[in-house]
Amino acid sequence: MVNTVDPSGPKPRRALSARNIMLYGTLMVVSMYYLLPLYVMVVTSLKGMPEIRLGNVFSPPLEITTAAWTKAWSEACTGINCDGLSRGFWNSVQILIPSVILSIGVASVNGYALSHWKFKGSETFFTILIIGAFIPYQTMLYPIVILLREIGLMGSLWGLVLVHTVFGMPILTLLFRNYFASIPEELFKAARVDGARFWGIYFQIMLPMALPIFVVAIILQVTGIWNDFLFGVIYTKPETYPMTVQLNNIVNSVQGIKEYNVNMAATLLTGLVPLVIYFASGKLFVRGIAAGAVKG
Amino acid sequence: MTSQSTAKRPVQLLRNLSAKIASIPMILTALVVFVGGTAWTVVHSFTSSRLLPKLNFVGFDQYERLWSTRRWLISIENLAIYGICSLILTLLIGFTLAALLDRKIRFEGAFRTIFLYPFALSFVVTGLAWQWILNPDFGVQGVVRGMGWESFAFDPLNNSEIVIFGILIAGIWQGSGLIMCIMLAGLRGIDEDIWKAARVDGIGTVKTYVRIIIPMMRPVFITALVLIASGIIKIYDLVVAQTNGGPGISSEVPAKYVIEYMFRAQNLGQGFAASTMMLVSVIVILVPWAYLEFGGRKRG
């Protein structure tokens, strides 16, 4: 404790006090723990296999090669398919886009109905929905298999889209409900007086005003759906496996020699989409996860 | 509920109708999937279903078998060890980092970005990255041995005694940033005057945190606790990616048990019973929290 007896006024700033050295030192060391895996993944993916066998995971590459990246993307094998992670990537894209649109569309309308068009029982359904967010997915996995079979979507991309819509609903509905509830009632009433109805008010007034919260919802859903493994592995077939599932199958396959550089390139490729979103969105990501925090 | 005029004009009927039609997906999700699905699983956990769900009830047989299966007991033990360690360490690390970042430091944004980025990554990516770092030949153990300490042994992923701690390292790496963020938001919500008052009274920084700030942040801690706890129970993809339950069955977890019995071993009844146990554990955690949080006052 250096500055114990402080006079009033702002703290004097000394760059090299013992306190600062301790503070920044600790933060630097902790930062290394957090950055280490990313560093290791990047350097490993840029090495060749002979170099990996000679060195260790932390040594920087002597000879930089992108061969592992190319192989991970277009040649790595899962079972009999040897067309690389690109298949999983495009599957994930095909799952992601409709899932994000559908889940956010449905949830925003739900939130809007719950905040401005309450009807008898609406709050009860909402409460059930929120409690449902805490139920372990494992309890609902099999009944959903039956439901998807009944409507003929088991194993298809659209089945998975539906599952993502259902499980994204609690948190997104909460997000939109709270946002729409903060929009002044007067605005809503004025639109009603002008003769606007449910959908008219939604599309002409609420939607344009809610753009920031839509961005938060999109960030939340894109990272969440892209990172999903559980639903992907259960509700799709090998041909429609999302990227995370395919990645796990490539890296943890028991056949063949382990190609660590290819594995790390594949891992990085899969992590790239959420990482780009994270670094590009900054504060909005924090807002998204703060909202998503309820989901856990 | 907003006050409604008693007169039933057609417009009002239509208004309710639109909202109701728009809410059909929500109602179906809440009633069919959440309530219906959960009830269905709980009911079927009392049957002898194997390949297909059947309604021939056998009482608590599945549960008796579950609690005498070694694999389930290991899963529960792992979950307990992982859970307790993860809870304590994540709270400790999350709070300490938040407190450090709250000391009006420079580059706060950069540090925060570094601590939080793992949270953007999936558990599969996390598990695979740490699987490689903990590789006995090329990873941490290999590096330390290469530096001359030949007898150094740190091989959690191939040692059934400590494998769960290998997973713990990865789990904390992925999730502690989120808790740091929540704690930081909590710290920012505390009045500056508290600090001034503490300083006037001559209370040291650490003591101020322990005696004053942490008790004031009780709601934040409870939220963090619930978050970490519900995440722990769900742990699945991290284990699948990092160890796939191995070596042997020494890093199995309940969520993995459920899925293997339901979708691979074709023993649905066991899967249903195990998932019902997971549900029960969530209820045990959540009910006291809901009581603390909402009990006594009207929920918003």
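Colleague: How are helices and their axes defined here?

Modeller: Helices are DSSP runs (H or I, at least four residues), numbered from the N terminus. Axes are lines fitted to C-alpha atoms, for helices over the stretch in contact, and angles run from 0 to 180 degrees between N-to-C directions. This is a predicted model: local features need pLDDT of at least 70, side-chain atom pairs count only at pLDDT 80 or more, and totals for chains, interfaces and linings use all residues. Residues are numbered from 1 along each chain as its sequence is written, chains are lettered from A in the order in which they are written, and side-chain values use heavy atoms, without hydrogens and water.

Colleague: At what angle do α13 of chain A and α5 of chain B cross?

Modeller: Helix α13(A) (residues 260-281) and helix α5(B) (residues 108-120) cross at roughly 145 degrees, and their axes come within 9 Å.

Colleague: Which residues make that contact?

Modeller: Contact means heavy atoms within 4.5 Å. From α13(A) come Pro274(A), Leu275(A), Tyr278(A) and Phe279(A). From α5(B) come Arg112(B), Thr113(B), Leu116(B), Tyr117(B) and Ala120(B).

Colleague: Now the whole interface. How many residues does each chain bring to the contact?

Modeller: Chain B brings 91 residues and chain A brings 94.

Colleague: How much area do the two chains bury?

Modeller: Buried area is the accessible area (1.4 Å probe) that two parts lose on being put together, summed over both. Chains B and A bury about 8200 Å² between them, 76% of it on carbon and sulfur atoms. Met26(B), Phe34(B) and Trp132(B) supply 10% of the area that chain B buries against chain A, more than any other three residues.

Colleague: How many salt bridges cross the interface?

Modeller: A salt bridge is a side-chain nitrogen of Lys or Arg within 4 Å of a carboxyl oxygen of Asp or Glu. Between chain B and chain A the rule finds zero. Over all chains, the structure holds 12. One of them joins the side chains of Glu123(A) and Arg177(A), at 3.7 Å, N to O. The partners sit 54 residues apart, Glu123(A) in helix α5 (residues 122-132) of chain A and Arg177(A) in helix α7 (residues 157-181) of chain A.

Colleague: Which peptide bond is cis?

Modeller: The bond from Gly246(B) to Pro247(B) is cis, with omega near -5 degrees. Pro247(B) lies in the loop between α12 (237-242) and α13 (254-263) of chain B.

Colleague: What is the phi of Phe107(B)?

Modeller: Phe107(B) has a positive phi of about 55 degrees, although it is not a glycine. Look for Phe107(B) in the loop between α4 (70-101) and α5 of chain B.

How values were computed
Helix = DSSP H or I, 4+ residues; strand = E, 2+ residues; numbered from the N terminus.
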